[in-house]
Amino acid sequence: AGAIKDSERAVSFKPHLTQIWTLLGSLRYQSNDLSGAIEALKNAHEKEPNQVGHMINLGEFLRQENNLGEAAVILEKATNLAPGNANAWINLGAVFQQGRRNEKAKVAYEKALDINPNSAAVLGNLGSFAMGSEDWDNALQYFKRSLKFQPDFAEIHNNLGKTLKELARMKEAEESYIQAIILRPDFIEAYSNLGVTLQELERLEEAEASYRKAILLKPGRAEIYYNLGNTLKELNRLEEAEASHRQAITFNCDFAEAHSNLGVTLKEQGRLKEAEES
């Protein structure tokens, strides 16, 4: 707070000094004042319109503010001025990805990768695009390359697990999810995905434990209660399965599969009228 106050005072005396505006933008961002940081960097950019570093940071702040149109304009200008700057392409790719302009995002990330082939984050993003288009072989290669450069990247271990599962390499998928959890013990999605894999491997008690850990971390995820309910049903613990499916419906009343499996569970308990209503 003191540094911000001093910087604001300094810039009031010498508003032409872009380095003070840049410092003020950084300080405001660190204090979670995103709009204030953007205002400061816009002043720096106005005074040095071709300074690529200002543009890269300003574009990223605008993206975080969800001002994607303005962010794209300024970052495209940055890539025109400095086509060899990987960070400009990465930030532009992130803007396009957030706006679901996936083809443009892929092009931007590929340009960034041409400049810096060792970027774990860019490789991970390209792997996610491959995964989204069900190009599992390419996704596998991107994720493995990403982990070569950043082996402690928990999100990539999780995505690698999903890819390996789709390739029916279940044991390797399990190992990837476990590694993601080791790196990030509060990783809800990894616990959930591990549960699904263990369930398919018919290791039902372990799957139950994994789902329950995910629920403990975040109780409001309908799909996790649904999967837990299915696991409990396979364990013939029908009352608990019923309760879990009902909980899934509580969090997502339009969850058709949960309604259907609740009906099956009720039917197996001989409660045919309730099953029909479900």
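User: How many salt bridges does the count come to?
Analyst: The count comes to 21 salt bridges, where a salt bridge is a side-chain nitrogen of Lys or Arg within 4 Å of a carboxyl oxygen of Asp or Glu. This is a predicted model, so local features need pLDDT of at least 70 and side-chain atom pairs count only at pLDDT 80 or more, while totals for chains, interfaces and linings use all residues. Residues are numbered from 1 along each chain as its sequence is written, and side-chain values use heavy atoms, with hydrogens and water left out.

User: Which residue does K165 meet in a salt bridge?
Analyst: E200, at 3.0 Å from N to O.

User: Where do K165 and E200 lie?
Analyst: K165 is in helix 10 (residues 154–166) and E200 in helix 12 (residues 188–200), so the pair ties together parts 35 residues apart in sequence. Helices here are DSSP runs of H or I with at least four residues, numbered from the N terminus.

User: OK, what does R203 pair with?
Analyst: R203 forms a salt bridge with E174, and the closest N and O atoms are 2.8 Å apart. The pair links distant parts of the chain, 29 residues apart: R203 is in the loop between helix 12 and helix 13 (204–217), and E174 is in helix 11 (residues 170–183).

User: And is E174 buried or exposed?
Analyst: E174 counts as buried at 6% relative accessibility, while R203 counts as partly exposed at 24%.

User: Which residues are joined into one network?
Analyst: K171, E174, R203 and E206, through salt bridges that share partners.

User: Switching to helix 8 and helix 9: at what angle do they pack?
Analyst: Helix 8 (residues 120–132) and helix 9 (residues 136–149) pack at about 165°, with axes 8 Å apart. Axes are lines fitted to C-alpha atoms over the stretch in contact, and angles run from 0 to 180 degrees between N-to-C directions. The two helices are therefore roughly antiparallel, the word for angles over 145 degrees.

User: Which residues meet there?
Analyst: Among them are L123, L126 and M131 in helix 8, and W136, Y142, F143 and F149 in helix 9; contact means heavy atoms within 4.5 Å. The residues of this contact divide into 10 nonpolar, 5 polar and 1 charged.

Technical notes
Angles under 35 degrees count as roughly parallel, over 145 as roughly antiparallel, 65 to 115 as roughly perpendicular and the rest as oblique. Ala, Val, Leu, Ile, Met, Phe, Trp, Tyr, Cys and Pro count as nonpolar, Asp, Glu, Lys and Arg as charged, and the others, Gly among them, as polar. Buried means under 20% relative accessible area, exposed over 50%, partly exposed in between (1.4 Å probe, protein chains only).
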